[in-house]
Amino acid sequence: MADALLSPAVGGTLWAASAAAVAGASRGLRREADDRKVPLMGVAGAFVFAAQMVNFAVPGTGSSGHLGGGLLLAVLLGPDAALLVMTSVLALQALFFADGGLLALGANVFNLGVVPAYLALPLVFRPLAGRVPGTRRWAAATVLSAVVALQLGAFGVVLETTLSGISSLPFVPFLLAMQPIHLAIGLVEGLATAAVLGFVARSRPEVLASAAGSSSLPGAEPAPRSVRPVLVGLLAGALLAGGVLALFASKRPDGLEWSVERTARASGQSVPGAPGRAPLGIPEVAGILATLLVVTGAGFALAPRRRKPDGARSPESPGGAGPRR
Amino acid sequence: MRSLAAALDGLLSAEEAARGESPVHELDSRAKVLVTALFVVLVASFPARAVAPLLPFLLFPVVLAARGGVPAAFLGARLLVPLPFVLLLALPALVLEPGETGWRSAASILLRYAATASAALVLLATTGIAGVASALRSLGVPRALVTQLLVLVRYLFVLGEETLRMDRARQQRSFGGRGLGLAGAGPFLGTLLLRSWDRADRVHRAMRARGFDGTLPDSRPKRFGAAEALFVAGWSALLVALRIVDVPALLGHAARSAFAAAGVP
């Protein structure tokens, strides 16, 4: 999900939902009060960041896939820690890899963090996986959970995009394109996650045992306790979203604007208040050029002056200095 | 794997840029985080297919980058990386919507991307991860998440280098692409994971030995003074005004009437 496709209403709603989930996860972790988890989570985040960029050839397709890591983190660290780790990785990427964005961070944390940790893990993985790590059943549950998580995540992206209305991608064709692609991606993600967990189960079973142990301490019963507030938060978020969106839907008279524009154009008037929809005329082009001029001018004027002697001389030599470049 | 090496390089150069000195660097990080957040929301709030009214918003990242001495080459290089992905999102509009509407739709998405992404990059390059984290903490983000962000960045480079070394070994031992498939993912990533796990153990012992009690101290000085207030108020007012008033349209109409007055048809 990217800032360029989100409206403030949709982005803000998902920010609120994700913030509620993160706050719940932080409270859950504080109750655990295990300071060993601090370096473990940090290093796990660095692992996911790096592992996302290691590509593996997918047999029979000629393409390659990589690990996403949401489900892996959830199985290894439990849902609360997994959500915080995923959030930190996505926040870093939003700041630095311009492909997500700060407004889209809420949506991305929801699709890639909340969904695997609080939906796929407790609702698919835990009921199906059984108690013994590394078995075939355990691996199958991992693959299925990854597929479910990615299907839900992809559905989320489609829903968020169409509700935002910035992109003109229509709902059903977009959905029909996204879900099969993410079925394939989910399979790769699931197979890679199952392979990594299987390897760990074979070579260092105590790592998985401690991971499982930390989430089944006597009297802790983490799943119901940490999931309920999150589900309540999600429900509240959904209601809020519904309310805000309803408000917006009634306030955004797309059809009305269009008909106003058409009637205005038919009667030869310019359309006040809808300059973006008016045909590209001389005023608009002139305005765009003037704005760009101001923006770049500001950039050059405000830039710190380095190498004063050079900068002072070069404007004074009007092309007579010969081809320097 | 080129991408991981490039990502680590880019992060390093962003952190180096953040250690520079400029009026923008000196501002309290909270002021920059707040204005950047407002900026992103305002850009997103434009209706679909808005093109010209979005252009004045480029003023914010451009001015901050210029005042903050952020190299244009750094911004350009970072903006180009996800461009194919953004084009994939923007270009369908050319097919889905007829004629000029499609072009407006695609141009609007590209402009939104350029504006929001460069604002985030400029924030990072003038504030640094530690500065952003410190601002987030005092703006109410849970301590556990802020600590996690800081520890993540601290070990990103160590683990990234480890991954690069392991991948180089994997590539060198592979002939004709053998062993690079999904079957190798388990042992490769599993080994990387176990090494990370052990490293976390050592890190934890070292942290305990130095008196770690579960939280990282934030020693950055905080002062939300007159300069910060002016920065937040000034930019907020300007950005909100630019959101309400369509400056390019005004400029364009002014130009047309000027031409008309001068007798140019």
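1. A:E206 is partly exposed, with a relative accessible area of 45%. Here buried means under 20% relative accessible area, exposed over 50%, and partly exposed in between, using a 1.4 Å probe and protein chains only. A:E206 forms a salt bridge with A:R204, and their closest N and O atoms are 2.7 Å apart. A salt bridge is a side-chain nitrogen of Lys or Arg within 4 Å of a carboxyl oxygen of Asp or Glu.

2. A word on the model. This is a predicted model, in which local features need pLDDT of at least 70 and side-chain atom pairs count only at pLDDT 80 or more, while totals for chains, interfaces and linings use all residues. Residues are numbered from 1 along each chain as its sequence is written, chains are lettered from A and ligands numbered from 1 in the order in which they are written, and side-chain values use heavy atoms, with hydrogens and water left out.

3. A:R204 is also the partner of B:D198, in a salt bridge of 2.8 Å, N to O. B:D198 lies in helix α10 (residues 185-209) of chain B and A:R204 in the loop between α7 and α8 (205-214) of chain A, so this pair joins two chains. Helices (H or I, at least four residues) and strands (E, at least two) are DSSP runs, numbered from the N terminus. A:R204 is partly exposed at 21%. B:D198 is partly exposed at 26%. A:R204, A:E206 and B:D198 are linked in a network of salt bridges.

4. Chain B has a salt bridge between B:E162 and B:R195, with the closest N and O atoms 3.0 Å apart. B:E162 lies in helix α9 (residues 143-172) and B:R195 in helix α10, so the pair ties together parts that are 33 residues apart in sequence. B:R195 is partly exposed, at 37%. Over all chains, the whole structure holds ten salt bridges.

5. Next, α3 of chain A. How many of its eight residues are buried? Eight of the eight are, and the helix is mostly covered. Among the buried residues are A:G70, A:L73 and A:L77. A:G78 follows α3(A) and has a positive phi, near 85°.

6. Two helices pack against α3(A). Packed helices are described by the angle between their axes and the distance between the axes. Axes are lines fitted to C-alpha atoms, for helices over the stretch in contact, and angles run from 0 to 180 degrees between N-to-C directions. Helix α2 (residues 37-51) and helix α3 (residues 70-77) of chain A pack at about 160°, with axes 11 Å apart. The two are therefore roughly antiparallel. Angles under 35 degrees count as roughly parallel, over 145 as roughly antiparallel, 65 to 115 as roughly perpendicular and the rest as oblique. With helix α5 (residues 105-129) of chain A, α3(A) makes an angle of about 60°, with axes 9 Å apart. That makes α3(A) oblique to α5(A).

7. Finally, the surface. A:F155, A:L159, A:L163, A:F171, A:V172 and A:L176 form a nonpolar patch there, with about 520 Å² of accessible area together. Patches are made of residues with over 30% relative accessible area and no salt bridge: like charges are joined within 9 Å, nonpolar side chains (Val, Leu, Ile, Met, Phe, Trp, Tyr) within 5 Å. Areas come from the Shrake-Rupley method with a 1.4 Å probe; for residues, only the protein chains shown count as cover. α6 (136-164) and α7 (171-203) of chain A each supply at least two of the patch residues. A:L159 is found in α6 of chain A. A:L159 counts as partly exposed, at 34% relative accessibility.
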